[in-house]
Amino acid sequence: MSAPGENLRTNSARLWDSLMEMAKIGPGVAGGNNRQTLTDADAEGRALFQSWCEAAGMTMGVDRMGTMFATRPGTDPEALPVYIGSHLDTQPTGGKFDGVLGVLGGLEAIRTMNDLGIRTKHPIVLTNWANEEGARFAPAMLASGVFAGEIDLDYAYSRKDLDGKSYGAELERIGWKGDEEVGARKMHAYFEYHIEQGPILEAEEKQIGVVTHVQGLWWLEFTLTGKEAHTGSTPMRMRVNAGLAMARIFEMVQEVTMSVQPDAVGGVGQVTFTPNSRNVLPGKVVFTVDIRTVEQAKLDHMRAEIEARAAVICDELGVGCAIEAVGHFDPVTFDPALVNRVREAADRLGYSHMDIVSGAGHDACWAAKLAPTTMIFCPCVDGLSHNEAEEISPDWAHAGADVLLHAVLETAEVTA
């Protein structure tokens with residue numbers, strides 16, 4: 001099959017306008033977005049996306065996890081679809097591009113195909129995966145995990161946010177629970193376009209990141225149980241201080257991570273104290289340790305070491321310690337043929353590029369268990385993401401969308 005010509009490009013202004021229009025839904029307090037999963041803002045963003053897809057001639061399907069699938073038909077009804085996907089949900093203080101660029105970049109690729117009357121043998125399905133972020137309902141990549149058969153549907157429905165609201169109930173409430181069986185769809189290939197969420201591409205002055213691997217991760221939720229007591233009148237030697245145990249575990253996670261350098265990271269981003277009062281020692285502390293590396297043996301070692309040393313710390317302080325794994329995937333190696341297709345598309349279009357490993361998890365991690373998969377990265381200013389100040393340039397967004405268009409067309413096989 002012949003590759004698309006180098007003059008085939010997406011519409012940069014239209015892509016940027018779509019990004020800015022979606023950013024109006026669920027505005028943050030500092031210029032970004034707060035469009036968390038299964039909120040009213042999420043429902044509004046979904047409705048806008050559906051309207052755009054239908055205007056582009058696609059038909060919409062929704063599965064029982066709330067994932068949206070917009071299909072552009074192919075010329076061969078027996079051919080498996082090529083999927084393009086990412087997510088529209090955001091962090092509580094998220095940016096305008098994390099996930100959204102991949103969904104709307106895919107939409108722009110399909111709009112360009114329509115403009116030029118391009119037909120493909122394989123159907124193309126544009127996907128908005130539900131609850132990629134995991135900010136409201138842990139774990140991250142929840143819907144794609146169920147789709148891949150790695151997470152149980154009932155378990156996913158039972159996940160609760162900090163207010164005790166369940167995923168299943170909130171999905172019903174906003175009206176986006178579909179009737180499709182989760183995971184019934186089959187894929188010919190899967191592409192995901194995403195901002196890098198790191199500083200490497202910008203520092204290296206590269207327009208395109210050709211993603212070869214994704215780090216594996218564990219999210220370990222710790223529940224430490226101490227004894228609530230007055231901070232002023234309880235002698236130091238008589239305290240059962242869950243907060244002190246937490247502090248020592250934080251430092252230990254840093255030590256374990258530094259001991260297995262390079263290419264490993266670990267830290268804590270969320271902590272809940274109970275009762276969270278200035279003058280009361282916490283009776284309970286809940287926090288999540290996030291560890292990641294591209295090496296399986298190293299990832300396994302980090303988890304085992306952290307759990308063993310945490311038990312010792314808590315035992316010495318008389319603090320109860322329960323650990324639940326609330327998120328996990330193994331390191332991922334993307335399909336070499338698709339990776340090379342992305343690389344060749346960037347060359348053909350004259351965009352500077354480099355191979356890169358993703359430090360963050362993506363829905364592509366689960367899709368890679370089902371079909372040949374790869375990702376394309378766009379630089380982001382100062383590597384900033386999961387932050388309202390997250391920023392990219394229209395030219396960067398356009399370059400990645402062009403590469404996505406070419407790689408998808410070559411995979412879906414142009415017929416006219």
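Predicted model: local features only at pLDDT ≥ 70, side-chain atom pairs only at ≥ 80, totals over all residues.
1. A residue counts as buried when its relative accessible area is under 20%. Trp129, at 2% relative accessibility, falls under that limit and is therefore buried.

2. Overall division. The protein is divided into two domains: domain 1 comprises 12-215 + 331-412, and domain 2 comprises 216-329. The C-alpha centres of domain 1 and domain 2 lie 32 Å apart. Contact between them involves 19 residues of domain 1 and 17 residues of domain 2.

3. The pair of Phe69 and Trp129. The structure holds ten aromatic pairs. In one of them, the ring centres of Phe69 and Trp129 are 5.9 Å apart and the ring planes stand at 85°, so this pair is classed as edge-to-face. An angle over 60 degrees is what that class requires. Phe69 belongs to strand S2 (residues 68-72), whereas Trp129 is in the loop between strand S4 (124-128) and helix H4 (142-147); the pair therefore ties together parts that are 60 residues apart in sequence. Phe69 and Trp129 are both buried.

4. The pair of Trp129 and Phe147. Trp129 also forms an edge-to-face pair with Phe147, with 5.2 Å from centre to centre and 80° between the planes. Because Trp129 lies in the loop between S4 and H4 while Phe147 lies in helix H4, this pair ties together parts that are 18 residues apart in sequence. Phe147 has a relative accessibility of 4% and so counts as buried. Which residues make up the aromatic cluster that contains Trp129? The members are Phe69, Tyr83, Trp129, Phe147 and Tyr190.

5. Charged side chains over rings. Arg159 lies over the face of Tyr155, at 3.8 Å from the ring centre.

6. The four-stranded sheet. An open sheet is formed by four strands in the order S9-S11-S7-S12, with antiparallel pairing. Its edge strands are S9 (264-274) and S12 (320-329), each of which pairs on one side only. On average, neighbouring strands of the sheet are turned by 15° against each other, with direction ignored.

7. The hairpin of S1 and S2. Strand S1 (residues 59-62) pairs with S2 in the antiparallel sense over four bridges. Met60 stands opposite Ala70 in S2. Five residues lie between the strands of this hairpin, and Gly66 takes a positive phi near 90° there.

8. Cis peptide bonds. Another joins Gln261 and Pro262, with omega about 5°; the place of Pro262 is in the loop between H8 and S9.

9. Leu38 has a positive phi of about 65° although it is not a glycine. This residue is in the loop between helix H1 (12-23) and helix H2 (40-55). Is Leu38 buried or exposed? Its relative accessibility is 0%, so Leu38 counts as buried. Asn131, likewise a residue other than glycine, has a positive phi near 50°. Asn131 lies in the loop between S4 and H4 and, with a relative accessible area of 0%, is buried.

Notes: Residues numbered from 1 in each chain as written. Heavy atoms only, no water. Pairing = 2+ DSSP bridges. Helix = DSSP H or I, 4+ residues; strand = E, 2+ residues; numbered from the N terminus. Axes fitted to C-alpha atoms, helices over the stretch in contact; angles between N-to-C directions. Phe/Tyr/Trp six-rings, centres within 6.5 Å; stacked < 30°, edge-to-face > 60°. Buried < 20%, exposed > 50% of the residue type's maximum accessible area, 1.4 Å probe, protein only. Lys NZ or Arg CZ within 6 Å of the ring centre and 35° of its normal. Domains from an automatic or database assignment. Contact = heavy atoms within 4.5 Å.
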